[in-house]
Amino acid sequence: MKVPERVPQHIAIILDGNGRWAKSKGMPRHYGHVKGCQNLERICDIVKDIGVKYLTVYAFSTENWKRSKEEVDGLMDIFRSYLKKCMKSAKKNNMRIRVIGDPSAFPEDLQKSIAELEEYSSRFDSIYFNIALNYGSRDEIARAVRRMGVDVKNGVLDPTQITENTISDYLDTAGIPDPDLMIRTSGEQRLSNFLMWQLAYTEFYFTDVPWPDFHKKELIQAIEKYNARDRRYGAVKEE
């Protein structure tokens, strides 16, 4: 499928539907998460090849802890394996990787792997890959406000000088441009506490395709829909 001449600088994706996809095939939810991680590796290669500069994915939310212990433990094991593979992907794609969210809730070995991956990939700059782990937008904003409060108290920040840019600088995504296009797979049409500040002017694309089946064809279709929008008014361009 032909790649559009114009691609968004920053694409954000809510990776939804792994469990339902697995169930439809008579397999356990864990199988769907494994296949979802494999697909994410492929999509990272594709977005780099077509010229996307930033990719941010919603991998584990602050609400996901409410899932069964068996599923959460399984996800932690998948993250351990995936973060190791990311070392190779980072080198292959000259890709800098950053984790947004609050990793302090994860086991120590996972926190160490995250820190090592971020340090290792910090020298790369062809594409910037951001993984939201233990992330929730409300939690992110609350943590940012607490840090701002401390800086105000210590005289580092003048509260009368706080602007939208100041707030952005205290968020997990500081230094990352806001997404141009947000994609959610598997049919749901809500943000689910994902990048609520950053998505203020982003174009949304929802598809019924579950994440493990979301391949290059579906990505190109999403970009084509994005290109058909009138960015001044958020509407489809008139002929």
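Reader: By class, how many nonpolar, polar and charged residues does the lining of the largest cavity have?

Author: Good place to start! Keep in mind that this is a predicted model. The lining of the largest cavity has 5 nonpolar, 5 polar and 1 charged residues. Among the lining residues are His10, Thr56, Ile100, Asn130 and Asp178.

Reader: What is the general idea behind finding such spaces, and how many cavities of 30 Å³ or more does the structure hold?

Author: Rolling a probe the size of a water molecule over the atoms shows where empty space is left. Here the structure holds 2 cavities of 30 Å³ or more.

Reader: Which residues line the second largest cavity?

Author: They are Glu41, Cys44, Tyr82, Lys85, Cys86 and Ser89. Two or more lining residues come from each of helix H2 (29-50) and helix H3 (69-93). The largest share, 4 residues, belongs to H3.

Reader: Now the sheet, please. In what order do the strands come?

Author: In general, strands of a sheet pair through backbone hydrogen bonds, either parallel or antiparallel. In this case 6 strands form an open sheet in the order S3-S4-S2-S1-S5-S6, with parallel pairing. Strand S3 (95-100) and strand S6 (203-206) are the edge strands, each pairing on one side only. From one strand to the next, the twist averages 20 degrees.

Reader: Which strands does H3 touch?

Author: H3 packs on the sheet and touches S2, S3 and strand S4 (127-135). The direction of H3 makes about 150 degrees with that of S3. Helix H4 (residues 108-121) lies across S3 and S4, at about 145 degrees to S3.

How values were computed: Residues numbered from 1 in each chain as written. Predicted model: local features only at pLDDT ≥ 70, side-chain atom pairs only at ≥ 80, totals over all residues. Heavy atoms only, no water. 1 Å grid on protein atoms, 1.4 Å probe; cavity = no way out; pocket = protein on both sides within 12 Å on 5 of 7 lines; lining within 4 Å. Points joined across faces, edges and corners; volume = space filled by probe spheres on them. Nonpolar A, V, L, I, M, F, W, Y, C, P; charged D, E, K, R; others polar. Pairing = 2+ DSSP bridges. Axes fitted to C-alpha atoms, helices over the stretch in contact; angles between N-to-C directions. Contact = heavy atoms within 4.5 Å.
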